[in-house]
Amino acid sequence: MEDDLISKKELLDLTGISYGQLYRWKRKQLIPEEWFIRKSTFTGQETFFPRMLIQARVRNILNMKDDLSLDELASRLSDTEGFSEIRLTKEAIVERNIVTEIAMSVYGPAVESKEGLYSFEQLLHLYAADTLLSKGDMSLDEGRILLRTLEKHAGALTGKPCELYFVRKMGVALFLLAPSPVELYFDEGVRLVAKVALGDLVEQLKGRLS
Amino acid sequence: MTEEDKEPGHLSDLIINGVGSAAGGTYDKVLIDGVGKVEGSLTARIFKANGQIRVKGELETVEMEVNGIMNLEGPLRVNTMKLDGILHVDGGVTGENCALNGLMTAKGDCELEEFRGVGGFTIEGLLNAGRMDIRLAGAGQAHEIGVETLKVRQGDKSLWNRLLGGIIPKLKSELTAKVIEGDDLDLEYTNADVVRGNYVIIGVGCSVELVEYRTGLTVHPGARIGKEVKTGD
């Protein structure tokens, strides 16, 4: 997962944007500072980006650019304000391919609010579970623990960069939520099954919603 | 030394004349003439300083004018900045507009929409600007430069200056950076490892290891280029 980076050059080639645009977006805080990852390569130091995040973000920016000024865009992208009002029905979620039907039918009832609608936050939790499920890392039952963890603790970490760790020891599944960057050291028998940055998920989910 | 505004809800001004010090805080106007020391972070609408100034903290202001030597022990956030003299920032610089006449050094990144003027600069991080137009009178240094348009010229070409530049490297009017990236790059007297751009002009006195360009490249016969690559379509 951590190695899923895209170089600046590759990004520009793929998306067709120019250096100037990229730097302008950085100045306008359309692209967060943390996404600029410096790594040394054989040609010297190069800048890399988290592949999924940056591609989703560039697509989002390019799609919205014509309707909004860059400053408006910045405020739109930097927070979840625009999305916090969102309420979707189960049907709409499955139809728009945001969360798969399986995850929806298993976890949906436990998460939904009274009227059978889903808020952005609830949707995010479902999306997290769905992502791990679809990778084949997590069983359906373990997903329930994940959802409980998220429901209980994700609120405390809203607005902060935060990572979700999924570890197993002797078949027992454990979920951890930690503000990033953090370094965790486990004992020998522990296997880190998955590590997901919640910010990544938020970004992908926003891309799917807009 | 300080003048409290009587009206409640109105921000007061901070005025230092002569030698004096003051605490930080939020003000409407900060006017310093002489030797002034501010012991904490400052937020102000207008910041004008003449002389020697030290601010032990951050500075956030809309309009800034400095004549003299200023030391800032924290990041600087400013809208328009006019600098005559020397400014040293122990952090990053973010702003819209900077008119430089002198020297600016920053420990962090520098993000400006417009950066123009005469003088030198040292940016230890990334220098990110929309339009950058510099006539170098002294060394220009940045770890990395990312711009939309960049024009670099040598400011003063007198013999005396060139002699001094030969003796004291700091006075050599050259731009040095590891990487320069942008859309339109018009360079003279520049040393860089990599220059990447859309339309690139490598002028007199340049020495670049690798040039990558998309649409066009013009090279002065006196310039030295290690390798040139045309990228994209």
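How many salt bridges does the rule find across the interface of chain A and chain B? The count is 10. This is a predicted model, and every value below is computed from it.

**Where the chains meet**

Start with one of the charged pairs. Arg27(A) and Glu148(B) join their side chains in a salt bridge, with 2.9 Å from N to O. Polar contacts have their own tally: 15 residue pairs between chain A and chain B, with both residues at pLDDT 80 or more.

Now look at the whole interface. Together the chains bury an area of about 1,600 Å². Carbon and sulfur atoms give 36% of that area. Three residues stand out on chain A: Tyr19(A), Tyr23(A) and Arg27(A). They supply 41% of the area that chain A buries against chain B, more than any other three residues. Arg27(A) is also the residue that forms the salt bridge with Glu148(B).

**A sheet in chain A**

Chain A has an open sheet of 3 strands. The order is β7-β6-β8, and the pairing is antiparallel. Why is one side of β7(A) and of β8(A) left without a neighbour in the sheet? Both stand at the edges, each with a single partner strand, so one side of each has no neighbour there. On average, neighbouring strands of this sheet are turned by 20° against each other, direction ignored.

Strands β6(A) and β8(A) run antiparallel and are joined by 7 bridges. One residue pair to find is Phe166(A) and its bridge partner in β8(A), Ala194(A). Helix α10(A) lies across β6, β7 and β8 of chain A. Its direction is at about 45° to β8(A).

| Element | Residues |
|---|---|
| β6(A) | residues 162–169 |
| β7(A) | residues 172–179 |
| β8(A) | residues 190–197 |
| α10(A) | residues 198–209 |

**Chain B as a whole**

Chain B has 1 helix and 12 strands. Along the sequence, the pattern is β-β-β-β-β-β-β-β-α-β-β-β-β. Its C-alpha atoms fill a box of roughly 65 × 45 × 20 Å, taken along the principal axes.

How values were computed:
Residues are numbered from 1 along each chain as its sequence is written. Chains are lettered from A and ligands numbered from 1 in the order in which they are written. This is a predicted model: local features need pLDDT of at least 70, side-chain atom pairs count only at pLDDT 80 or more; totals for chains, interfaces and linings use all residues. Side-chain values use heavy atoms; hydrogens and water are left out. Buried area is the accessible area (1.4 Å probe) that two parts lose on being put together, summed over both. A salt bridge is a side-chain nitrogen of Lys or Arg within 4 Å of a carboxyl oxygen of Asp or Glu. A polar contact is a pair of N or O atoms within 3.5 Å; within protein, one must be able to donate a hydrogen and the other to accept it, and residues adjacent in sequence count only if both atoms are side-chain atoms. Two strands pair if DSSP finds at least two bridges between them. Helices (H or I, at least four residues) and strands (E, at least two) are DSSP runs, numbered from the N terminus. Axes are lines fitted to C-alpha atoms, for helices over the stretch in contact, and angles run from 0 to 180 degrees between N-to-C directions. Contact means heavy atoms within 4.5 Å.
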